[in-house]
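Dear colleague,

I am passing on a structure for you to look through, and below it I have set out what was found. Please keep the structure open beside the text as you read.

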Amino acid sequence: MAVAAARASLLLPSSLAASTSPRARLLALPPRDRRPRGSLASPPAAGRGRLRVRMARTESTGVAVGFRSPQFELPEPLTGKLWTLDDFEGNPGLLVMFICNHCPFVKHLKKDIAKLTSFYMEKGLGAVAISSNSIRTHPQDGPEHMAEDAKLFKYPFPYLYDESQEVAKAFGAVCTPEFFLFKKDGRRPFELFYHGQFDDSRPSNNVPVTGSFAGI
């Protein structure tokens with residue numbers, strides 16, 4: 001899904017858009033074609049035996065610009081703190097990232113995700129990462145390993161654990177990494193104006209990681 005006029009008209013407040021860095025375009029892009037990435041792993045269904053899990057190439061589903069951010073209350077394994085959407089009430093924008101530890105598409109971007117979010121958080125952007133993977137299928141995505149990852153990559157944002165996967169379902173997240181960027185005007189709720197990928201770089205395509213998007 002593409003929104004023709006979104007390039008200029010849906011920018012965050014100028015305090016967040018002042019940078020001339022090429023990566024600044026992440027905050028101003030309309031939804032684009034959904035590129036395949038790793039799927040979120042669900043636990044085996046009751047009565048169906050053991051689920052065979054492999055890296056699937058799953059496309060993120062369409063959500064409309066203007067979609068309001070769902071409420072959430074999730075723990076941060078690193079600190080034990082519970083975070084909610086209300087904790088970001090004072091931010092003019094919120095980046096919600098669905099990631100996990102094991103996904104090769106996420107591993108390819110971890111350092112750059114940390115760098116980019118740190119840059120914009122200093123300008124007032126709120127940011128949060130959420131892991132919704134089942135630890136029955138991917139124990140390496142469990143809370144203790146999430147805390148280790150958060151420390152290792154010096155994530156400047158809280159990295160939250162969605163054990164029930166209900167938050168991922170509420171957002172419509174189906175793959176990792178998947179990015180939802182919301183803006184907020186005053187007292188109005190957070191409203192979506194970008195949903196999609198980080199850039200066109202993949203572990204095996206030799207495209208540099210830029211944080212920007214092909215054709216923009």
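**Aromatic rings**

At 24% relative accessibility, Phe67 counts as partly exposed, whereas Phe182, at 0%, counts as buried. Please bear in mind throughout that this is a predicted model. A search of the whole structure finds 10 aromatic pairs, and Phe67 and Phe182 form a tilted one, because their ring centres are 6.5 Å apart and their planes meet at 40°. Since Phe67 lies in the loop between β2 (57-58) and β3 (73-75) while Phe182 belongs to strand β9, the pair ties together parts that are 115 residues apart in sequence. These two residues also belong to a cluster, in which ring pairs link Phe67, Phe98, Phe171, Phe180 and Phe182.

Another aromatic pair, between Tyr155 and Phe157, is stacked, with 4.7 Å from centre to centre and 25° between the planes. Tyr155 is buried at a relative accessible area of 10%, and Phe157 likewise counts as buried, at 3%.

**Charges over rings**

Two lysines are placed against aromatic faces: Lys81 lies over the face of Trp83, at 3.8 Å from the ring centre, and the charged end of Lys184 sits over the ring of Phe190, 5.9 Å from its centre.

**Cysteines**

How many disulfides does the count come to? The count comes to zero. Cys100 is in no disulfide, and the nearest cysteine sulfur, which belongs to Cys103, is 4.9 Å away, whereas a disulfide would need the two sulfur atoms to be within 2.5 Å. Cys103 is likewise in no disulfide, its nearest cysteine sulfur being that of Cys100. Cys100 is buried, with a relative accessible area of 1%, and Cys103 also counts as buried, at 1% relative accessibility.

**Backbone details**

A few places in the backbone deserve a look as well. Thr176 and Pro177 are joined by a cis peptide bond, with omega at about -10°, and Pro177 is found in the loop between β8 (175-176) and β9 (178-183).

Lys154, although it is not a glycine, has a positive phi of about 50°; it lies in the loop between α5 (143-152) and β7 (159-161) and is exposed, with a relative accessible area of 70%. Gln165 is not a glycine either, yet has a positive phi of about 65°. Gln165 has its place in the loop between β7 and α6 (166-171), and is buried, with a relative accessible area of 8%.

With kind regards

Key: Residues are numbered from 1 along each chain as its sequence is written. This is a predicted model: local features need pLDDT of at least 70, side-chain atom pairs count only at pLDDT 80 or more; totals for chains, interfaces and linings use all residues. Side-chain values use heavy atoms; hydrogens and water are left out. Buried means under 20% relative accessible area, exposed over 50%, partly exposed in between (1.4 Å probe, protein chains only). Helices (H or I, at least four residues) and strands (E, at least two) are DSSP runs, numbered from the N terminus. Rings of Phe, Tyr and Trp (its six-membered ring) pair if their centres lie within 6.5 Å; planes under 30 degrees apart count as stacked, over 60 as edge-to-face and the rest as tilted. A charge sits over a ring if NZ of Lys or CZ of Arg is within 6 Å of the ring centre and within 35 degrees of the ring normal.
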